[in-house]
Amino acid sequence: MRLEGRRESENVEDRRGMGTGTKIGLGGIGGLIIAGLITLLMGGNLGDVLEQASGMGIQNEGTTQTNFTEEEQQLAQFARIIEASTEDVWSQIFRENGLGEYQPPTLVLYTGSTSTACGQGSKAMGPFYCSGDQNLYIDLSFFQTMQQQLGASGDLAYAYVIAHEVGHHIEYLTGTLQQAHQRMQATSQSNANKYSVRLELMADFYAGVWAHYESRMFGSINDKDLMEAIKCAQVIGDDYLQKRAQGYAVPESFTHGTSEQRMKWFKLGFQTGDVRRATTFQESDATL
Ligand SMILES: [Zn+2]
């Protein structure tokens, strides 16, 4: 991507290197007040993909890192630029579609673990959106995990991850997220999974729409960038991750969609740039 000289967002909260206070008498996870729901980038059954990351959540507790490497600072700057781009793009889309003024989420950068309105967030969960505080949370080392463990890299692939989480924020602003969560609480697990898949594919679609506008407004995306983003959508498909982790896939347990579906909806968003095509809840299982 061509990102030189681009605006950096001010809606970014940098909590990197801060102790997170997880020891303060919370009495374990059960003592947390969970306000709002979390949507993760990837499904629950990641197996070995993120196993190495688990447990590292409280490693840096009480320590405060103040000097970052050049690479860490570059990644943080990149995240601020992409957040700013999503603000510019979604402000324009909201105007074009008479949706009022776009209220951006805050992007929270953290290391290890951090508290959220949805409970304790940790690096092992991957990037996520919490509707309770309307924040996107990301530990930037996830990009390294993507590269080293999933073989997905490139700045549009990384930007796609942020744009996907912003996609959940769009779902929140349009009410889709809340409606789906209500239905999910009143149905069986396998039905709830189906709603989840539709929410996730919609977020992938919105990430594609963002990329469409990013390309149109800033002329920043080339074919290689696009291939890298599609590759990212592929390696975070439920079937791909499950096969990788356990050798086989269990479709009923899918919460994010297959590789094919994730690529399809991202590409549809990129090609059309048309938010009215966000029809994942209108599709049958066969056409999804
Ligand atoms: Zn998601």
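1. Two strands count as paired if DSSP finds at least two bridges between them. Helices (H or I, at least four residues) and strands (E, at least two) are DSSP runs, numbered from the N terminus. With these terms, Leu107 has Leu136 in β7 as its bridge partner.

2. On the basis of this note: the model is predicted, so that local features need pLDDT of at least 70, side-chain atom pairs count only at pLDDT 80 or more, and totals for chains, interfaces and linings use all residues. Residues are numbered from 1 along each chain as its sequence is written, and side-chain values use heavy atoms, with hydrogens and water left out.

3. The sheet. Five strands form an open sheet with mixed pairing, in the order β1-β3-β7-β6-β2. The edges are β1 (12-15) and β2 (38-40); each has a single partner strand, so one side of each lacks a neighbour in the sheet. From one strand to the next the twist averages 20°, where axes are lines fitted to C-alpha atoms (for helices over the stretch in contact) and angles run from 0 to 180 degrees between N-to-C directions.

4. Strand β3. Residues 106-110 make up β3, which runs parallel to β7 and is joined to β7 by four bridges. Val108 stands opposite Tyr137 in β7. β3 also pairs with β1 in the parallel sense, over four bridges, and there Asp14 stands opposite Leu109 in β3. Four of the five residues of β3 are buried, so the strand is largely enclosed by the rest of the structure. Buried means under 20% relative accessible area, exposed means over 50%, and partly exposed lies in between (1.4 Å probe, protein chains only).

5. Ile138 in β7. Ile138 belongs to strand β7 (residues 135-138). Its relative accessibility is 2%, which means that Ile138 counts as buried. Leaving aside neighbours within four places in sequence, Ile138 is in contact with Leu107, Val108, Leu109, Tyr110, Pro127, Phe143 and Val161; contact means heavy atoms within 4.5 Å. Ser122 is 16 residues from Ile138 along the chain, and their C-alpha atoms are separated by 9.0 Å.

6. Nonpolar cores. A nonpolar core is a set of buried Ala, Val, Leu, Ile, Met, Phe, Trp, Tyr and Cys residues joined through side-chain atoms within 4.5 Å. The largest has 69 residues, and those with the most contacts inside it are Trp90, Phe143, Met146 and Trp210. Helix α5 (residues 189-218) gives the largest share of this core, twelve residues. A second, separate core has six residues, among them Val108, Tyr110, Cys118 and Cys130. In soluble globular proteins, nonpolar side chains tend to be buried together.

7. Trp210. Which residues does Trp210 contact, leaving aside its neighbours within four places in sequence? They are Met1, Ile82, Ser85, Thr86, Val89, Trp90, Leu156, Ala159 and Ala163.

8. Helix α3. The 20 residues of α3 (residues 155-174) should span 28 Å at 1.5 Å a residue, and the end C-alpha atoms are 28 Å apart, which agrees. The expected span is 1.5 Å times one less than the number of residues. Of the 20 residues of α3, 16 are buried, so the helix is largely enclosed by the rest of the structure. Gly175 follows α3 and has a positive phi, near 90°.

9. Salt bridges to Asp285. The whole structure has eleven salt bridges, each a side-chain nitrogen of Lys or Arg within 4 Å of a carboxyl oxygen of Asp or Glu. Asp285 forms one with Lys194, with the closest N and O atoms 3.3 Å apart. This pair links distant parts of the chain, 91 residues apart: Lys194 in helix α5 and Asp285 in the segment after α8 (259-272). Lys194 is partly exposed, at a relative accessible area of 40%. Asp285 also meets Arg198 in a salt bridge (3.5 Å, N to O); Arg198 lies in helix α5, 87 residues from Asp285. Arg198 is buried, at a relative accessible area of 9%.

10. Glu228 and Lys224 meet through their side chains at 3.1 Å, N to O. Both lie in helix α6 (residues 223-235), four residues apart, about one turn of the helix. Glu228 is buried, with a relative accessible area of 18%, whereas Lys224 counts as exposed at 56% relative accessibility. Elsewhere, salt bridges that share partners join Arg7, Glu87 and Asp88 into one network.
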